[in-house]
Amino acid sequence: MTDTALTLSFDATTSGGRQELRRSIRRLSEFSRTVEIALQHFNKRYGVHLVLTQRSLTRAFLEWVRRFEAERGLADRDRRDFSHFAAGILLSSLVRNRPVAAGEPVAKPSGLARPDEVLVDFWAEGVFYFEFCITVLDKVLAEQDLEGIHLSPEALQLRSWASFRENVASDPDLAIPFLDLFLCGDPNWSFPKAARFRTALQGQMLDWDKRLPKSSPDR
């Protein structure tokens with residue numbers, strides 16, 4: 001990942017010296033552990049006190065895995081774009097189930113705030129969900145030897161986050177195209193939760209169709 005703003009740091013599960021987060025994250029125990037570690041880092045980094053509700057986290061996890069498995073057949077068409085999509089449905093599941101909430105307020109030093117700190121003041125829970133998803137995504141892409149993520153200017157703009165928060169309050173699935181927007185992607189606002197309508201995957205499907213053998217016309 002080339003951008004340093006809005007990032008977390010946590011240890012990924014390793015197997016034989018190679019990271020396997022893309023598989024371990026699909027186990028509830030590992031997912032919960034990773035979220036807990038990430039939240040500790042987030043609270044320390046920004047001087048906030050967010051608390052985790054395990055029941056809501058489990059609900060978000062189960063919803064994400066169900067939706068991931070339903071679309072998984074398209075993964076080989078474009079692994080990088082499908083990984084972005086998987087991160088988007090994770091973000092929408094977290095936004096919908098709200099496993100993180102603000103605890104006791106923490107006193108902060110006065111002074112000029114960085115852009116990411118302004119976003120945390122505006123919506124700490126949403127920023128945590130986003131940071132968690134892009135951190136997991138970046139690690140998963142690295143495991144597949146794919147290019148890391150890049151944040152767009154909108155990812156640090158308060159007005160973009162105000163729109164993000166307002167829209168996902170009524171439709172959490174819009175978190176998917178907002179993630180694409182924040183990662184220099186091509187958002188699909190009309191059919192966000194269907195991977196087959198994503199621009200990159202549609203292009204791969206057309207290429208796939210061209211490679212299929214053509215049957216001879218009946219004579």
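This predicted model holds 1 cavity of 30 Å³ or more. The largest cavity has a volume of about 30 Å³. Its lining is made up of V35, L52, L57, L94, P99, V100, F128, Y129 and F132. By class, that lining has 9 nonpolar residues, with no polar and no charged ones. Helix α5 (residues 115–143) supplies the largest share, 3 residues.

Next comes helix α4, which covers residues 79–97. Its 19 residues reach 27 Å from first C-alpha to last, close to the 27 Å expected at 1.5 Å a residue. Of these 19 residues, 16 are buried, so α4 is largely enclosed by the rest of the structure. Just after α4, R98 takes a positive phi of about 50°.

Now to the aromatic rings. The structure holds 22 aromatic pairs. One of them joins F130 and W161 edge-to-face, at 5.5 Å centre to centre and 85° between the planes. F130 lies in α5 and W161 in helix α6 (residues 158–170), so the pair ties together parts that are 31 residues apart in sequence. Both F130 and W161 are buried.

F178 and F182 form a tilted pair, with 6.1 Å between centres and 55° between planes. These two sit 4 residues apart in helix α7 (residues 175–182), and are therefore separated by about one helical turn. F178 and F182 are both buried.

Ring pairs also build a cluster, linking F31, F42, Y46, F61, W64, F68, F82, F85, F128, Y129 and F132. F128, Y129 and F132 in this cluster also line the largest cavity.

Last, a charge meets a ring. The charged end of R165 sits over the ring of F122, 5.2 Å from its centre.

Notes:
Residues are numbered from 1 along each chain as its sequence is written. This is a predicted model: local features need pLDDT of at least 70, side-chain atom pairs count only at pLDDT 80 or more; totals for chains, interfaces and linings use all residues. Side-chain values use heavy atoms; hydrogens and water are left out. On a 1 Å grid over the protein atoms alone, a cavity is a set of points where a 1.4 Å probe fits but cannot get out, and a pocket is an open set with protein on both sides within 12 Å along at least five of seven lines; lining residues have an atom within 4 Å of a point. Grid points are joined across faces, edges and corners, and a volume is the space filled by probe spheres set on the points. Ala, Val, Leu, Ile, Met, Phe, Trp, Tyr, Cys and Pro count as nonpolar, Asp, Glu, Lys and Arg as charged, and the others, Gly among them, as polar. The expected span of a helix is 1.5 Å times one less than its number of residues. Buried means under 20% relative accessible area, exposed over 50%, partly exposed in between (1.4 Å probe, protein chains only). Rings of Phe, Tyr and Trp (its six-membered ring) pair if their centres lie within 6.5 Å; planes under 30 degrees apart count as stacked, over 60 as edge-to-face and the rest as tilted. A charge sits over a ring if NZ of Lys or CZ of Arg is within 6 Å of the ring centre and within 35 degrees of the ring normal.
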